[in-house]
Amino acid sequence: MEQNLLDMLRRDERITLELRALYEKYGYRKYRMSKFEEYGLYLENKNFLKSQQIITFHDLDGRVLALKPDVTLSIAKNTHASAASSEKFYYIENVYRLDKRSGGYREISQLGLEYIGRLDDRASWEVICLAQQTLAAIHPRHHMQLSHMGYWISLLDGLNVDALLRRELMELIRGKRLHELRERLQGAGVAPAAKKLILEAASLAGGFAQTLAAARAGAIYQGMAAALDELEAVYALLEARGWGGDLMLDFSLVSDSDYYGGVIFQGFVEGVPRALLTGGYYGNLLRKFGRELDAIGFAVDLNELGFLYRSSQENDVDALILYDKDADMDALLTCADAWIAEGKRVRLESSAPEGIRAAATYHFTKNGLKEAEKHA
Amino acid sequence: MLNIALPKGRLGDQVLSLFSKIGYECAAIYENDRRLVLESPESDVRYLLVKPSDVAIYVEYGAADIGVVGKDILLDSAPDVYELLDLGIGKCRLAVAGKEDYAENREAVLRVATKFQNVTKKYYSSLNRDIEIIKLNGSIELAPILGLSDVIVDIVESGKTLRENHLKVLEEIVPVSARLIANRASYLFKNDLIMDIMRKLEEVLSL
């Protein structure tokens, strides 16, 4: 019976359930929250958000509320975690964001996971490994890109690159626009040696071990080496448990350094043209809320699964029974009940609904059941 | 199979011959018909010939793995793709042009006709200049002649079209050339193929 129920679910519904079970097995608890939050929270942390346009409204007491554009901010603000006691959550929530592509607001169904408290390499490994398993549950062909913001922050701090130029450089690095990065560094009067270091770091991408070795060669500051040590330790744990193969190290993956200061990652599956999963270490955000804690997590945009499952070949029902007005209703229902008990999906109609996809269509006349046509 | 989106027209032809130079030939291009998809099973690529302004969309949505597109279009639509190489071909510039005798009236809101709305907005906001954008899709040069706009923002190659219409370049906004772009997911899943193309292009263009 349980298997029958599972079989009946759409693939995306099934994956959501499978992932919930996976997260629960690792000790994560489901976190539920209200759809609204005080607008001030988002206003103060605008740069953390993917889109800064937010749907707001006034509550009856005059407070300005917002429809949640993001879940992590609420969790980070409301967590009870401490250095001695970590919290592990997962959530499935809708968020509301401006979609640049369609030029309007969209409701996005998001599934995510957060680990807040005092983190060590094992904790980072756990979250990255769960991200890997999440991708694997969605599609057998998947890839994960890993990077470390600490590498960049240490390099750019060491070279005294100011905040404004840094933002511009990050944008060029993110787009792998090395030709423009070269010109911009030249235009900004960055010394040739520093320029070379930044360009080399921006082009570090490929298989993990090989790219890590290349990154070591350019790690001239202690913070850079520390970032690589952390990546190496997490990778060793992943590889030992068979999750190292699909990992790529790519330092063109960058995020806002005000919030992300450590490992960051993005997951892709075949058939979805953009990152399906994004995540990373965001301890800086918790420090903004006055909490000396670490945090790492990721989110999956479930709407993007539409790329994978939109051309469903599945039938709507297993059997469509078209009955005549003078058919014996008791015999008809007995027949339908028997099939339903077998686990078939049965639809009874007096005339065929438009566009219905049935594995087989039957006629139920006053003489009983006869098969009308069978589809592949 | 790698899907490559190319802009229909002269730039597309140039890129096709560039790709055949690096071993990604496509015999079908010599058939000179109106097909929009040219398959080359021998080099395991498929060329999609699309409107120049649509190349980036095909790549961003993964219908094409890589593409070649003018920087003007990338600047205006800011697609979320990797921009891997400046191919140095299809060189031109995005510029402000007006009538030969144009003199700016700083007291009035400037009316600008263009198809590059975002670049235009960004450029004038950097100058702190109030403008009204008149979005046109072609024959932009007509706008100032008919008094529809004060100036235009458009691509200028040799300047011949402008001269023939008694217009001149007033300010240059940014130089433009063709760029090799890649879809972010394809870059991972078809990395070997894309890197091979990139390396060979760099070689043949001596970048």
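Colleague: In this predicted model, which residue is the bridge partner of Glu83(B) in β11(B)?

Modeller: The general idea is that strands of a sheet pair through backbone hydrogen bonds, either parallel or antiparallel. In this case the bridge partner of Glu83(B) in β11(B) is Ile181(B), and 4 bridges join β5(B) to β11(B), residues 178-182, with the two strands running antiparallel.

Colleague: In what order do the strands of the open sheet in chain B lie?

Modeller: Reading across the sheet, the 6 strands follow the order β2-β3-β1-β4-β11-β5 in chain B, and their pairing is mixed. The edge strands, each of which pairs on one side only, are β2 (37-40) and β5 (82-86) of chain B, while the twist from one strand to the next averages 25°.

Colleague: Which strands does helix α1 of chain B touch as it packs on the sheet?

Modeller: Helix α1(B), residues 10-21, touches β1 (2-7), β3 (45-50), β4 (66-70) and β11 of chain B, and its direction makes about 140° with that of β1(B).

Colleague: Which residues have the most contacts inside the largest nonpolar core?

Modeller: They are Val59(B) and Ile181(B), in a core of 127 residues. Leaving aside residues up to four places away in sequence, Val59(B) touches several others, among them Ala5(B), Ile66(B), Val81(B) and Ile181(B).

Colleague: How many residues does each chain bring to the contact between chain A and chain B?

Modeller: Chain A brings 13 residues and chain B brings 14 residues; on the side of chain A that touches chain B, the residues divide into 5 nonpolar, 4 polar and 4 charged.

Notes. Residues are numbered from 1 along each chain as its sequence is written. Chains are lettered from A and ligands numbered from 1 in the order in which they are written. This is a predicted model: local features need pLDDT of at least 70, side-chain atom pairs count only at pLDDT 80 or more; totals for chains, interfaces and linings use all residues. A nonpolar core is a set of buried Ala, Val, Leu, Ile, Met, Phe, Trp, Tyr and Cys residues joined through C-beta atoms within 7 Å. A residue is buried if 20 or more other C-beta atoms lie within 10 Å of its own, exposed if 12 or fewer, and partly exposed in between; C-beta atoms are placed from the backbone. Two residues are in contact if their C-beta atoms, placed from the backbone, lie within 7 Å. Two strands pair if DSSP finds at least two bridges between them. Axes are lines fitted to C-alpha atoms, for helices over the stretch in contact, and angles run from 0 to 180 degrees between N-to-C directions. Ala, Val, Leu, Ile, Met, Phe, Trp, Tyr, Cys and Pro count as nonpolar, Asp, Glu, Lys and Arg as charged, and the others, Gly among them, as polar.
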